[in-house]
Amino acid sequence: EKMNNIINELLLLASVRKLDEIETAPLDMGYVVGEALSRLRLMIEEYQAEIVMPERWLAASGYASWVEEVWANYISNAIKYGGTPPVVEVGATLLDDRSVRCWVKDNGAGLDAGRQARLFNQFTRLDETRARGHGLGLSIVQRIVDKLGGQVGVESEIGVGSVFSFTLPAPKERSH
């Protein structure tokens, strides 16, 4: 299973690298996040994680399967590195430049500035004792979000937790 996951992530990374142009569309973010959560169902049960969702989602543009991968990665990390039990809050905020900042907040131990700086590097695992993975996830997230014209980010406070985010463009307004 681990080998299969690594192969699938490497294939996804290769496909993201290969495509110069990707056709984006308005996303039903509630559905996209729901798909990511259904992939993580067993992990959510195993860790007895609480997932806190917004009542409504902001509209954003992207490529659904890639954005689902970003959510799955951020949420699974929030569960793995969260508190006991993990409380994971997800949501989206409209920014001044009309882009949408999607975010995942955990109740984990938090990360110092040095660890934050290394997060999105390939094959980086910051916590060898708790993490089951291979360190590709956040580098794939970085590549996907770059291809979609957005940015990744992390804010963290020791003892409080972390907020991982990514931006996507808001859907283009139709002219009448």
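Two strands pair if DSSP finds at least two bridges between them. Helices (H or I, at least four residues) and strands (E, at least two) are DSSP runs, numbered from the N terminus. This is a predicted model: local features need pLDDT of at least 70, side-chain atom pairs count only at pLDDT 80 or more, and totals for chains, interfaces and linings use all residues. Residues are numbered from 1 along each chain as its sequence is written, and side-chain values use heavy atoms, without hydrogens and water.

Q: In the protein chain, where is confidence lowest and where is it highest?
A: The score is pLDDT, the predictor's confidence in each residue, from 0 to 100. The protein chain averages 84. Helix α1 (residues 2-18) has the lowest confidence, at a mean of 63, and the highest is 98, in strand β2 (residues 50-52).

Q: How many bridges join strand β4 to β5?
A: The two strands form a hairpin with 4 residues between them, and Arg 98 in the turn has a positive phi of about 75°. Strand β4 (residues 87-94) runs antiparallel to β5, and the number of bridges is 6.

Q: Is strand β5 largely enclosed or largely open?
A: Buried means under 20% relative accessible area, exposed over 50%, partly exposed in between (1.4 Å probe, protein chains only). β5 also has 7 bridges to β7, running antiparallel. Of the 7 residues of β5 (residues 99-105), 6 are buried, so the strand is largely enclosed.

Q: Which kind of aromatic pair do Trp 57 and Trp 71 form?
A: Rings of Phe, Tyr and Trp (its six-membered ring) pair if their centres lie within 6.5 Å; planes under 30 degrees apart count as stacked, over 60 as edge-to-face and the rest as tilted. Trp 57 sits in the loop between β2 and β3 (60-62), and Trp 71 in helix α4. Their centres are 5.5 Å apart and their planes at 75°, so the pair is edge-to-face.

Q: Which residues form one aromatic cluster?
A: Tyr 74 and Phe 164 are both buried. They link helix α4 to strand β7 (residues 161-169), 90 residues apart. The cluster is Trp 57, Trp 71, Tyr 74, Phe 164 and Phe 166.
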